[in-house]
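Hi everyone, thanks for making time. Let me put the sequence and the model on the screen, and then we can walk through the packing together.

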Amino acid sequence: MVYGITLAVLLLALLQVSLMPRLPLLEVRPDLVLLVALAWGMVRGSVEGAVVAFGGGLALDILSSFPLGGQALALLLTVVALSWLGASFSRGNPLFPVAGAFLGSWVYHLLLLLLAQLFGQAVAWGGTLRHVVLPLSLVEAALMLPVYWLLDQLERRTHRRARAA
Amino acid sequence: MRRSTVLILVLLATCLLLLLADRVIGLGVVKGSLAWVLGPLQRAFYAGGEQAGDFWERLQEAERLQEENKRLWAVVEQLTAERLHYQEIEHENRELRALLGLRERHPGLELLEAEVIGRDPTGWQQTLRVGWTAQEKAREVREGMAVIAPAGLVGRVIRVYPNAADVLLITDIGSSVSAVVQTEGRPTGVVDGRWQEGTRLIMRYLPQGAILHEGDWVLTSGLRLPPFEEEGFPPGIPIGRILHLVTVADLHQQVELVPAVDFERLEWVSIVLGTQSP
């Protein structure tokens, strides 16, 4: 199952770099890979989330100008941290994925900005956080509910089928 | 150490190694090769993305056009309302000019302009309610006063309120007006309302020998009839035209009249408060 999700995340990475720039939602481009990796980590735990985050991050690295491994590292750290943090929450609580996405969005983008600066890229911290990360985190928090619900349903269905088999 | 932790650590280490390698030796070739492999897929997605983007733009444009359309419709409605308002003002202006003309035609009459504000709701009486705003003259309005319009005689005041009055139209069966036919010999008679009986106006008591023609004008004679001896109709106001001869009795003739005034379209009238001394 985790490989299926990883493959889906690779396709999402392609969508992320080809389709999303043409479909800005409220002037921002939601990070589909981050949302799915975070949601899968919340649904299935940190290990499966880490695999999805690694695959998706690498795909984004290949498809973007970011240093290879950079987005994978930021995504991996974010998903693992949020999965650990979220382990104590109930899966039925709708606040859990929304708050997770909001927090995850901030952690992920802060890590990316930090890495970009480490690799010598110019980073306008104040403007980027205020005008990009803040609205993006709000949109991603809102989008997380349907994404989480979808993956949760998928997980429950496949889990039930696996148990029946 | 747990297996899951090891896996995560391995993945983290891979990321760090990749980053380090990219930093130190540069992994452009590796990245380029992988990008080349993914190239066709990326191109296909990008083409799809362009189409989706175009569709999205068209969708947004459609939304914008819809909004624009709504806004323009609101403007159209506003302008239509304004146009109707101006048409009303123009119409009112015409009516008031006609009333002014009436004043000029009858300089001896003291008039109070009033607007038609209602019609008889019962359907069995021919009355109008007229209202005015000129407070000073309003005190002078009394029952029995004549009501005229630029086209001719309208009726008589039958009830007075603080800012309005009910007017009995000359076509009502309860109305009688002393009249004269504008023809040779100027025969006189009485014009009675006959609306409730299916016709509008009948002129009775015309002398047998009077020579009458269809289309002859009938005017108020100025004679006062009971019960309004004090408030008579001023002379020379058109009542109507002879439509046809109804009966020729031994002593009198009787003709049907077409009223000079179109009561259905009446909007402004003048109440004759009195006659000014020359």
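Here is a question to start: is Gly49(A) buried or exposed? Before I answer, a word on what we are looking at: this is a predicted model, where local features need pLDDT of at least 70 and side-chain atom pairs count only at pLDDT 80 or more, while totals for chains, interfaces and linings use all residues. Residues are numbered from 1 along each chain as its sequence is written, and chains are lettered from A and ligands numbered from 1 in the order in which they are written.

So, the answer: Gly49(A) counts as buried, because it has 30 C-beta neighbours inside 10 Å. The cut-offs are 20 or more other C-beta atoms within 10 Å for buried, 12 or fewer for exposed, and partly exposed in between, with C-beta atoms placed from the backbone.

Gly49(A) sits in helix H3 of chain A; helices here are DSSP runs of H or I, at least four residues, numbered from the N terminus. Leaving aside residues up to four places away in sequence, Gly49(A) touches partners including Ala37(A), Trp40(A), Val79(A) and Ser83(A). Contact means that the C-beta atoms, placed from the backbone, lie within 7 Å. Ser83(A) is 34 residues from Gly49(A) in sequence, yet their C-alpha atoms are 7.6 Å apart.

Now the helix pair. The axes of H2(A), residues 32-44, and H3(A), residues 46-63, come within 7 Å and cross at roughly 165 degrees. Axes are lines fitted to C-alpha atoms, for helices over the stretch in contact, and angles run from 0 to 180 degrees between N-to-C directions. These two helices are therefore roughly antiparallel, the term for angles over 145 degrees. Among the residues that meet, H2(A) brings Val36(A) and Gly41(A), and H3(A) brings Val52(A) and Leu60(A).

Next, the core. The largest nonpolar core has 52 residues, and Ala37(A) and Leu76(A) have the most contacts inside it. By nonpolar core I mean a set of buried Ala, Val, Leu, Ile, Met, Phe, Trp, Tyr and Cys residues joined through C-beta atoms within 7 Å. Helix H1 of chain B, residues 3-24, is one of the elements that give this core two or more residues. A second, separate core of 43 residues includes Leu111(B) and Ile271(B).

Finally, the two chains: 21 residues of chain A are in contact with 27 residues of chain B. On chain A's side, H3(A) gives the largest share, six residues.

Terms used:
Parallel < 35°, antiparallel > 145°, perpendicular 65-115°, else oblique.
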